[in-house]
Structure formats: C-alpha cells, structure tokens
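Try each task before reading its solution.

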Amino acid sequence: CPMQLLDELAGRIDDGLEKMCAPFGAIAETFGYIISTPSTIGQRAPDFEGVVVGHDSKILQLSTLFREKKPIVLMFYLSRIPECEAPARHFNKMAERYWGRAHFLLINLNLHGESEYDASSFAAQLQLPYVTHLWLEDEGSQVVPWELYELDEGGLPYFVMIDKNGIVRENSNIPGIMDAEKREPFNWSLLDDLLHE
C-alpha cells in the first residue's frame, strides 16, 4: 500500500535525522548551549510577575506592560553565573539606545535562594540604570511558565523579544559565554521592525 510505504519512509527519515543530530546535541551541551525549538514564537507571551529591585517591594506583572503598546525585551539570568555579566551590560546598552520606545526587563530567576539583595548587588556592580530589574520572590520555576519559555539553567542568559501586542517574536538561549559586545544574542534589528509596525 503506498500510504504504508510513505509512513515507513517518514519513520526512517525521522530516525536518521535523530541519529545525525545527536552528536551536535552532545557538543552543544558540553559548551553550555541548549538546542530547542522556540515554541513560544508567534504565541502570546506567558505572564508572570516579579519584585522591582530597589523599589520597596513594588510588584510588576508582565501583562500590564502590554497596554502601553511598546515592544518588550526580556533577559532571564542568575547572578551567580559570571557568564551573565557581559550580556547584562550589553542589554543595558540596548535599553539606553531604545530608551522610552521599548521596555527592557532584566529578570533574576532565583533558582538557588538568590535574594533581592543578590539581584540588587548584581545590578549595582554592573551599573544597569536603563533596565527594569525584577527579582522573583519564589523560585523561578514556580513563578515563570518554565516550559512555555523553554528556560533551562544551562541556557542562561535567555532572551525573549515581544511585540506591541504581547506576541513573542524572537527568543534565544545562547548563553553568555560569548563576547556580547561582538556577537549579538539574537536578532536586535527585529526591534527596529517592531517599533515601526
């Protein structure tokens, strides 16, 4: 039957691709890269809330920013990971460049009991005046829709770009081992496009 032959052929192709890609997955894990399919692209950004660092426990909910009809860029990080420092500085520079036209949220995931003080010290040390800095009171995996954002501790920092309507348009789990001044975490030029939509 032709349909059975097609199904069998499709199964063999899937098996072959999985075997062919397996070594690349191992290499990626060795160097801290996480390979995944960005399932949130094209979907409404999953909502969460956090404490605004340095603002007397003020709470900010992501979805409240959608009403302002500005693009939103998220950077999830852990202060105990040194590789997050260079991307955070670069993130602040981008926030300065787009000041007033887009929201930039730097989000401490609090996976291992990191306190608001740890998050505040991270920002103070790196001098990040142009970003809104959030700390999650509860462990990040309990607050942020972990699977929907495809977060993984081995893939931090993790970037998400959201358009004016709250739809995820880009994400990247390229971690901070690269020089953020020379290699962009993801397609920043998309932000210019989103501002003109």
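The exercises that follow use a predicted model.

**Exercise 1. A buried lysine**

Task: Locate lysine 164 and work out what surrounds its side chain.

Solution: 
- Step 1. Find the loop between β6 (158-162) and β7 (168-172); lysine 164 sits there.
- Step 2. Lysine 164 is buried but has none. The nearest side chain of opposite charge is glutamate 197, 7.1 Å away.
- Step 3. Turn to backbone oxygens. That of leucine 195 lies 3.0 Å from a polar atom of the lysine 164 side chain. For the backbone oxygen of glutamate 197, the distance is 3.3 Å.
- Step 4. List the contacts beyond four places in sequence. They include Phe66, Lys69, Lys70 and Pro71, along with Leu194.

**Exercise 2. The largest nonpolar core**

Task: Which element gives the largest share of this core?

Solution: 
- Step 1. Size the core: 54 residues. Phe48, Leu62, Leu74, Phe76, Phe104 and Tyr149 have the most contacts inside it.
- Step 2. Look at elements giving two or more residues, among them β1 (49-52), α2 (85-97) and α6 (189-195).
- Step 3. Pick the top contributor: β3, with 6 residues.
- Step 4. Inspect phenylalanine 76. Beyond four places in sequence, its contacts include Phe48, Ile107, Tyr149 and Val160.

**Exercise 3. A loop asparagine**

Task: Is asparagine 110 buried or exposed?

Solution: 
- Step 1. Read its relative accessible area: 6%. The cut-off for buried is under 20%, so asparagine 110 is buried.
- Step 2. Find tryptophan 135, 25 residues apart from asparagine 110 along the chain. Their C-alpha atoms are separated by 7.1 Å.

Conventions:
Residues numbered from 1 in each chain as written. Predicted model: local features only at pLDDT ≥ 70, side-chain atom pairs only at ≥ 80, totals over all residues. Heavy atoms only, no water. Helix = DSSP H or I, 4+ residues; strand = E, 2+ residues; numbered from the N terminus. Buried < 20%, exposed > 50% of the residue type's maximum accessible area, 1.4 Å probe, protein only. Lys, Arg positive; Asp, Glu negative; His and termini not counted. Salt bridge = Lys/Arg side-chain N within 4 Å of Asp/Glu carboxyl O. Polar contact = N/O pair within 3.5 Å; in protein donor to acceptor, adjacent residues only side chain to side chain. Contact = heavy atoms within 4.5 Å. Core = buried A, V, L, I, M, F, W, Y, C linked by side-chain atoms within 4.5 Å.
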